[in-house]
Amino acid sequence: MSASNDYTPPKVWTWTKESGGHFANINRPIAGPTHEKELPIGRHPLQLYSQGTPNGVKVTIMLEELLALGHGGAEYDAWLININDGDQFGSGFVAINPNSKIPALVDRSGPKPIRVFESGSILVYLAEKFGAFLPTETAARAECLSWLFWQMGSAPYLGGGFGHFYAYAPTKIEYAIDRFAMETKRQLDVLDRRLAESEYLGGSEYTIADIAVWPWYGGLVKGRQYDAAEFLQVQEYKNVLRWANQIEERPAVRRGRMVNRTSGEPSTQLRERHDASDFETKTQDKLAAKG
């Protein structure tokens with residue numbers, strides 16, 4: 001491994017925007033809003049403000065799965081928060097998520113709106129609200145939540161670690177790529193070993209653990225993350241691939257992947273979702289055809 005001693009950290013770090021690479025226009029060392037902008041409110045009980053990243057997809061899959069089970073109260077409006085444009089720093093969004101990260105949810109079904117932020121928290125909130133995709137038996141619930149929080153703790157090493165240094169950093173740093181590639185492959189092995197003994201992560205039933213993990217690690221082994229499938233030799237993780245393919249066949253998962261999506265084939269992008277019929281009439285290809 002090559003090593004470079006070109007950089008010595010200063011005694012006091014200072015913010016240099018130019019050093020941020022791909023995300024220099026949105027990364028900053030302070031919180032709070034950068035501009036005034038109220039959020040729109042639709043007609044449904046649940047208002048989702050998000051983008052179709054792996055974290056955002058968790059929630060839209062969950063909502064579509066709940067609707068598929070017949071939970072009418074899970075009807076939702078999904079508003080696009082374009083993170084590359086800095087929408088997450090608008091005053092309205094910061095009011096519902098002080099951390100300025102998508103997704104964020106407002107539940108307006110009761111007498112007082114309830115804000116819920118962080119994707120894992122939203123999944124638990126919805127699972128408990130509707131009594132679905134989270135086991136009630138003590139041991140099964142513990143297993144499900146353990147895998148949910150495994151994802152919350154592990155995925156930053158995949159995204160902010162491996163993904164950033166492999167795909168987005170302005171310079172390729174061998175040590176950083178090796179460090180996070182090793183950790184990503186270790187995580188895939190953790191999943192592969194679990195899925196060798198269990199159909200789903202929590203056990204025999206599909207749960208919020210699968211809904212949380214699939215957009216990140218399912219996407220990775222399906223070749224959709226960072227153009228890194230060959231580099232990481234994802235075909236080695238046969239149990240993860242079996243699980244990823246099985247979940248991808250679910251109609252609600254296919255719909256959830258489309259919501260708030262801003263890349264890929266226009267027919268797969270439903271940038272805002274306000275009604276179930278929008279999947280048939282308001283994808284980007286349909287809107288373009290209307291002129």
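Colleague: How many residues lie between β3 and β4 in their hairpin?

Modeller: This is a predicted model. In it, β3 and strand β4 (residues 114-117) run antiparallel and are joined by four bridges, with L105 standing opposite V116 of β4. The two strands form a hairpin, and the number of residues between them is six.

Colleague: Which residue of β3 is the bridge partner of Q47?

Modeller: Strand β1 (residues 46-50) also pairs with β3, antiparallel and through four bridges. Within β3, Q47 has as its bridge partner V106.

Colleague: Are the residues on the two faces of β3 buried or exposed?

Modeller: On one side of β3 (residues 104-107) are A104 and V106, and on the other are L105 and D107. Both faces are covered, and these four residues are all buried.

Colleague: Which side chain of opposite charge is nearest to K58?

Modeller: K58 belongs to helix α1 (residues 54-68). Leaving aside residues up to four places away in sequence, its contacts include L123, M152, I211 and W216. K58 is buried and has no salt bridge. At a distance of 7.6 Å, the nearest side chain of opposite charge is that of E118.

Colleague: What is the radius of gyration of the protein chain, and why does it agree with a compact globule?

Modeller: The C-alpha trace spans about 60 × 50 × 45 Å along its principal axes, and 47% of the 291 residues count as buried. A compact globule with 291 residues would have a radius of gyration near 19 Å, so the value for the chain agrees: 20 Å.

Methods. Residues numbered from 1 in each chain as written. Predicted model: local features only at pLDDT ≥ 70, side-chain atom pairs only at ≥ 80, totals over all residues. Heavy atoms only, no water. Buried < 20%, exposed > 50% of the residue type's maximum accessible area, 1.4 Å probe, protein only. Pairing = 2+ DSSP bridges. Lys, Arg positive; Asp, Glu negative; His and termini not counted. Salt bridge = Lys/Arg side-chain N within 4 Å of Asp/Glu carboxyl O. Contact = heavy atoms within 4.5 Å. Rg over C-alpha atoms; globule rule 2.2 N^0.38 Å.
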